[in-house]
Amino acid sequence: MDTAFTNVPLIVFPPTTQDEIKRLVKKAANKTCRLDPMPTWLLKECLDTLLPIITCIVNKSITSGIVPSAFKRAVVRPLLKKPGLDKDEFKSYRPVSNLPFLSKILEKVVEARLDDHLLLNNLYDSHQSAYRRGHSTETALLKVQSDIADTLDHGTSVILIMLDLSAAFDTIDHNILLKRFSHSYGIRGMAQAWFRSYLTDPHQCIEIENSVSEYMLMQFGVPQGSVLGPKEYCMYAKPISNIICKYDLCYHCYADDTQIYLTIENNREWHKTKPIVEQCLTEINDWMEKNMLKLNQEKTEAIMFTPKKIDIINLQELVLDNATITMSQTVRNLGVTMDKYLSMESHINKIVQSSYLHIRNIWHIRKYLTSYSCKILVHGSIIHFYMVCQRNKSHVYKKFKIVRLGLFVEYASESI
């Protein structure tokens, strides 16, 4: 499903300038990796002196096609994916890589040139919202929710299938990625040599509290926490969208979160469409197996959004590789809980619960705060909650929740 690139290829990366490096360094956060020879804040203080040296290092790398070995070392700190998960389970953690500061500056320089090439040749997937200017989780959610809401307004049901991948960033095959860069994206010559060097012999160690493991060679995958890693995944997995389009289904992606959705009017139409959907999912699964990715059938979810006061469609469960994808009543989509009527009541309930919790937590530190500081914290919480509700406008139910929480805020700010 790879489409051959036919335009002007990207052969070399244009050299950087001191002005570009200065701008990137100043915009960067003050985070410091344990591999850095000096703290980031100190580097920024001495930037005028170090700027020519940093610019020279970056230009030497992109013009020679060689990434220094020190820039390919990462310290991985496992972070819980979300609160409440079992801390004794490996799958509960996300391996976030901490890289040297200068390596990130080098990656940002390359990313700017890669981005220009992708935009100039229209190589971005138009339905991929991750790691692009003007795209975010919010734009992805708005697109999918708007499409579903429009369909429901016309009295038609929508089925949403949310694909789940297991450790997607960690299983990318470097050889396949480099071939795809050349064949589908026209990245060749010295530019391809730089990416080959970037992907060759990366090492990482694990840091937990004060304990650090030995460095291990990373033969597959791209580091989470790097600048280029997530963008490389999006380019690697782009053929999935070609498969979905082949079956004339709607979709939207955010990195490795792929959402497939289709309209269904009645039971007869579902019986005709179900085999097509299953065939599409099977082809996606086969493609992933050939490309070292793993579709997690157990965590892949589906939900049917239905307009109220219409006949309920009797849905048969989807079958994928001898696994069953059941229809859920609610699903969590990019951090937002969506129910079958798209009323957002489940999501608002969770926001209200979280808001009450945060406001009550202020009580524990009340004696350390002035009245003015306390009011700022409490009113900041209610304003944040109100903004979330405004993005998900619906019924009087939400207004009731806002008033109810607002009354509590007025009481809390005066009494706690």
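Me: Does N121 count as buried or exposed?
Reply: This is a predicted model, in which local features need pLDDT of at least 70 and side-chain atom pairs count only at pLDDT 80 or more, while totals for chains, interfaces and linings use all residues. Residues are numbered from 1 along each chain as its sequence is written, and side-chain values use heavy atoms, with hydrogens and water left out. Buried means under 20% relative accessible area, exposed over 50%, and partly exposed in between, with a 1.4 Å probe and protein chains only. Because N121 has a relative accessibility of 13%, N121 counts as buried.

Me: How far is D125 from the nearest side chain of opposite charge?
Reply: D125 is found in the loop between α4 (101-120) and α5 (137-153), and D125 is buried yet has no salt bridge. A salt bridge is a side-chain nitrogen of Lys or Arg within 4 Å of a carboxyl oxygen of Asp or Glu, and for charge Lys and Arg count as positive and Asp and Glu as negative, with His and the chain ends not counted. The nearest side chain of opposite charge is R132, and the distance is 6.4 Å.

Me: Which side chain is joined to that of D125 by a polar contact of 2.8 Å?
Reply: A polar contact is a pair of N or O atoms within 3.5 Å; within protein, one must be able to donate a hydrogen and the other to accept it, and residues adjacent in sequence count only if both atoms are side-chain atoms. Not counting residues up to four places away in sequence, D125 touches R132, K238, S241 and Y251. The side chain that makes the 2.8 Å polar contact with D125 is Y251.

Me: How far apart in space are Y131 and A255, C-alpha to C-alpha?
Reply: Y131 also lies in the loop between α4 and α5, and because its relative accessible area is 37%, Y131 is partly exposed. Leaving aside neighbours within four places in sequence, Y131 is in contact with Y124, P230, K231, C234 and A255. Although Y131 and A255 are 124 residues apart in sequence, their C-alpha distance is 7.9 Å.

Me: Which residue forms a salt bridge with E20?
Reply: The count of salt bridges comes to nine. In the one made by E20, the closest N and O atoms are 2.8 Å apart, and the partner is R113. This pair links distant parts of the chain, with E20 in helix α1 and R113 in helix α4, 93 residues apart. Both residues are buried, E20 and likewise R113.

Me: How many residues apart in sequence are the parts tied together by K22 and D48?
Reply: The side chains of K22 and D48 meet in a salt bridge, 3.9 Å from N to O. K22 lies in helix α1 and D48 in helix α3, so the parts tied together are 26 residues apart in sequence.

Me: Which helices do the buried residues of α7 pack against?
Reply: Helix α7 spans residues 189-199, and its buried residues are A191, Q192, W194, F195, S197, Y198 and L199. An α-helix has 3.6 residues a turn, so residues three or four places apart point the same way. The helices against which the buried residues of α7 pack are α3 (47-64), α4, α6 (174-185) and α8 (229-236).

Me: What share of the residues in the chain is buried?
Reply: The secondary structure of the chain comes to 13 helices and 14 strands. Among contacts between residues at least 6 apart in sequence, 74% join residues at least 24 apart. Of the 416 residues in the chain, the buried ones make up 46%.

How values were computed
Helix = DSSP H or I, 4+ residues; strand = E, 2+ residues; numbered from the N terminus. Contact = heavy atoms within 4.5 Å.
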